[in-house]
Amino acid sequence: MNTVSYSQSKNISYINDNVVPLQINYQQAPYAENYKVKWTPRLLILDSEEFVHHQFVGFLQPQEVIPFLRLGEAKMYFDSDEFEKANKLLDLVIQEAAWSHAAPEAIYLKGVIGYKAGKDPQPLRDIFHKLQKEYPYSSWADRAFPYWSI
Amino acid sequence: MTQVNWETEMGTGLDRAKKEGKPVFLDFFNPG
């Protein structure tokens, strides 16, 4: 990851400006046991209380780094009911990285936030249709399947 | 900026996250 995904200038700038980057050896106690690190790379997004909001195992291609970080930060805000902040980041993932692995989950979360904001099921129906059309093989399309009929 | 400015201690990372209002991006790595 250091020589490929973390070496691109765009990723370096984004990481240094928007998150606190922390690298720990996968065998270091007590974290290896606390986080059950069994394979690397293992990437996590934490808040300042060490609560895990998002994680990934395996190599992350350079173009996937920023969408991954934006989705992780959005999930941190989602988990603390800061929906406006979450939505801004999700929009960036959807609009600027529609090709990324993060995009289908960003669409799903945005629909859930839309539902929570108005108690109207239309945003859930919308994400079902969008995911079926644009990401039919994504697990997120499957997760939205029940929403077609509500 | 030519490289990522990684923290290497959990406590320092969490303190910075609180002060700067940012998430922590934790990378468990294998130095090989």
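**Figure 1. Ala17(B) in helix 1 of chain B.** Ala17(B) is found in helix 1 of chain B, which covers residues 10-20. The model shown here and in the other views is predicted. The residue is classed as buried because 22 other C-beta atoms lie within 10 Å, and the cut-off for that class is 20 or more. Apart from neighbours within four places in sequence, Ala17(B) is in contact with Val20(A), Asp47(A) and Ser48(A) from chain A, and with Lys22(B), Pro23(B) and Val24(B) from chain B. Helix 1 of chain B lies across strand 1 of chain A together with strand 1 of chain B. The angle between this helix and strand 1 of chain A is about 170°.

**Figure 2. Strand 1 of chain B and its parallel partner.** Strand 1 of chain B, residues 24-29, pairs on one hand with strand 2 of chain A and on the other with strand 1 of chain A. The pairing with strand 1 of chain A is parallel and has six bridges. Val20(A) stands opposite Val24(B) in this pairing of the two chains. Val24(B) touches Val19(A), Val20(A), Leu22(A) and Leu46(A) in chain A. Within chain B, Val24(B) touches Gly13(B), Leu14(B) and Ala17(B), with residues up to four places away in sequence not counted. Five of the six residues of strand 1 of chain B are buried, so the strand is largely enclosed by the rest of the structure.

**Figure 3. The antiparallel pairings of strand 2 of chain A.** Strand 2 of chain A pairs with strand 1 of chain B in the antiparallel sense, over five bridges. Leu43(A) stands opposite Asp27(B), and Ile45(A) stands opposite Phe25(B). Strand 2 of chain A also pairs with strand 3 of chain A, again antiparallel and over five bridges. In that pairing, Leu46(A) stands opposite Val52(A) of strand 3.

Figure 4. Four strands form an open sheet in the order 1(A)-1(B)-2(A)-3(A), with mixed pairing. Strand 1 and strand 3 (52-57) of chain A are at the edges; each has a single partner strand, so one side of each is left without a neighbour in the sheet. From one strand to the next, the twist averages 20°. Helix 3 of chain A lies across strand 2 and strand 3 of chain A together with strand 1 of chain B. This helix runs at about 150° to strand 3 of chain A.

**Figure 5. The contact between chain A and chain B.** Chain A gives 32 residues to the contact and chain B gives 24 residues. On the side of chain A that touches chain B, the elements with two or more residues are helix 1 (9-18), strand 1 (20-25), strand 2 (42-46) and helix 3 (65-79). Strand 1 of chain A supplies the largest share of that side, six residues. By residue class, the side of chain A comprises 20 nonpolar, eight polar and four charged residues.

**Figure 6. The largest nonpolar core.** In soluble globular proteins, nonpolar side chains tend to be buried together. The largest nonpolar core of this model has 44 residues. Those that touch the most other members are Ala74(A), Leu90(A), Val93(A) and Ala106(A) in chain A, with Val24(B), Phe25(B) and Leu26(B) in chain B. Two or more residues come from each of strand 1, strand 2, helix 3, helix 4 (83-96), helix 5 (103-118) and helix 6 (122-134) of chain A, and from strand 1 of chain B. Helix 3 of chain A gives the most to this core, with nine residues.

**Figure 7. The two chains as context for the close-ups.** Chain A has seven helices and three strands, in the order α-β-α-β-β-α-α-α-α-α along the sequence. Its C-alpha trace spans about 50 × 30 × 30 Å along the principal axes. Of the residues of chain A, 35% count as buried. Among contacts in chain A with a separation of 6 or more, 40% join residues 24 or more positions apart. Chain B has one helix and one strand, and its C-alpha trace spans about 35 × 25 × 10 Å along the principal axes. Of the 32 residues of chain B, 31% count as buried.

Definitions and conventions. Residues numbered from 1 in each chain as written. Chains lettered and ligands numbered in written order. Predicted model: local features only at pLDDT ≥ 70, side-chain atom pairs only at ≥ 80, totals over all residues. Contact = placed C-beta atoms within 7 Å. Nonpolar A, V, L, I, M, F, W, Y, C, P; charged D, E, K, R; others polar. Pairing = 2+ DSSP bridges. Core = buried A, V, L, I, M, F, W, Y, C linked by C-beta atoms within 7 Å. Buried ≥ 20, exposed ≤ 12 C-beta atoms within 10 Å, placed from the backbone. Axes fitted to C-alpha atoms, helices over the stretch in contact; angles between N-to-C directions.
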